[in-house]
Amino acid sequence: MSAKTIGIIQVKGGAGRSTVATNLAGELSKQGKTVLIDCDMPQGTSASWFAVREQAGKAGNLIADTATDHRELVAKVEKYKDAAFIVLDGPPRIAELTKAILILADLCLVPIGASKAEIWATSDILDMLAEAKKVKPIHVRMLWTRYRPQTKLAQNLTALVKDELGLTALGTSLGMRVGYMEALGEGLTVAEMADASAKIEVSFLASEIQKLMR
Ligand SMILES: Nc1ncnc2c1ncn2[C@@H]1O[C@H](COP(=O)(O)OP(=O)(O)OP(=O)(O)O)[C@@H](O)[C@H]1O
Ligand SMILES: [Mg+2]
């Protein structure tokens, strides 16, 4: 069995890719060997997060690696094929690496941080998606991050995404929580902090994506 691979892609910087990648990787590692590959070097947010985690003796079943171009990424995904899960934190641009992530992943998540700018940026991914779909079927889901369901903006954006992008959103969305910011710097998942609501959403996220990859 080869590792279930999840790619996190978004061309808009700061949309929440590394937040999704680190939380998902940490949560999935409770089930088995998980590899978090940071494809956003030299920034390396996920790699730094893991370094802090490892330093604190909390790596558990999780390991981290990096890939600076698509060839290296292909080689690393092959190298770790015996893992249960591989999570790929993508770069904030349309690059060969992003295309490689689309093709290598069993499921790609596109985080959108509930702002119009991110919806505009996401429309830039659509051409690449269409290209990649010529190679193989691609499974993509949008994931709301910093989501505040009670706001009018959130409701309007939900409609816009469906009509303009034609992308399906995951049922799970990540709320706007200070816990995500705190967890990132401490090498933890938000589920490992004392935040019950966040714990539930991260666990829902992990189970929803696993159902989609079956
Ligand atoms: N759901 C959330 N609630 C609150 N803050 C969040 C949430 N998601 C992300 N953030 C914060 O927003 C900032 C950007 O998030 P993150 O680093 O995950 O984005 P990114 O897309 O990986 O950005 P970059 O382009 O810098 O790699 C971080 O400070 C992070 O803690
Ligand atoms: Mg990042």
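Which residues of H8 are buried? The structure considered here is a predicted model, in which local features need pLDDT of at least 70 and side-chain atom pairs count only at pLDDT 80 or more, while totals for chains, interfaces and linings use all residues. Residues are numbered from 1 along each chain as its sequence is written, and chains are lettered from A and ligands numbered from 1 in the order in which they are written. Helices (H or I, at least four residues) and strands (E, at least two) are DSSP runs, numbered from the N terminus.

The buried residues of H8 are Gly179, Tyr180, Ala183 and Leu184. They span an arc of only 135° around the axis, and therefore lie on the same side of H8; the arc is that of the directions from the helix axis to the C-beta atoms. A residue is termed buried if 20 or more other C-beta atoms lie within 10 Å of its own, exposed if 12 or fewer, and partly exposed in between, with C-beta atoms placed from the backbone. Val178, Met181 and Gly185 are exposed on the other side of H8. The cover over the buried residues of H8 includes H1, helix H2 (45-55) and helix H9 (196-212). After H8 comes glycine 187, with a positive phi near 70°.

Ligand 1 is surrounded by 20 residues, of which Gly13, Arg17, Ser18, Thr19 and Met181 are the closest; a residue is near a molecule if its C-beta atom, placed from the backbone, lies within 6 Å of it. At least two residues of this shell come from each of helix H1 (17-28) and helix H8 (178-186). By type, the shell comprises seven nonpolar, nine polar and four charged residues. Here Ala, Val, Leu, Ile, Met, Phe, Trp, Tyr, Cys and Pro count as nonpolar, Asp, Glu, Lys and Arg as charged, and the others, Gly among them, as polar.

The largest nonpolar core has 57 residues, and Leu24, Leu36, Val87, Leu88 and Ile101 touch the most other members. Such a core is a set of buried Ala, Val, Leu, Ile, Met, Phe, Trp, Tyr and Cys residues joined through C-beta atoms within 7 Å. Beyond its neighbours within four places in sequence, leucine 36 is in contact with Ala21, Thr22, Ala25, Ser46, Phe50, Leu62, Ala64, Val87 and Asp89, where contact requires C-beta atoms, placed from the backbone, within 7 Å.

Most residues other than glycine have a negative phi, and most peptide bonds are trans. The peptide bond from methionine 41 to proline 42, however, is cis, with omega near 5°; proline 42 belongs to the loop between strand S2 (34-38) and H2. Arginine 146, although not a glycine, has a positive phi of about 50°. This arginine 146 is placed in the loop between strand S6 (140-144) and H7, and it counts as buried because it has 20 C-beta neighbours inside 10 Å.

Serine 173, in the loop between helix H7 (152-165) and H8, is buried because 22 C-beta neighbours lie inside 10 Å. Not counting residues up to four places away in sequence, serine 173 touches Leu143, Trp144 and Tyr147. Alanine 194, in the loop between H8 and H9, is exposed because 8 other C-beta atoms lie within 10 Å. Serine 197 lies in helix H9 and is exposed, as it has 11 C-beta neighbours inside 10 Å.

Finally, an unreviewed UniProt entry places the feature "domain: AAA" at residues 4-55; UniProt positions are given in the numbering used here, feature names are shortened, and annotations may be inferred rather than shown by experiment. Residues 4-55 are 44% helix and 19% strand, and their end C-alpha atoms lie 27 Å apart.

Terms used: Two residues are in contact if their C-beta atoms, placed from the backbone, lie within 7 Å.
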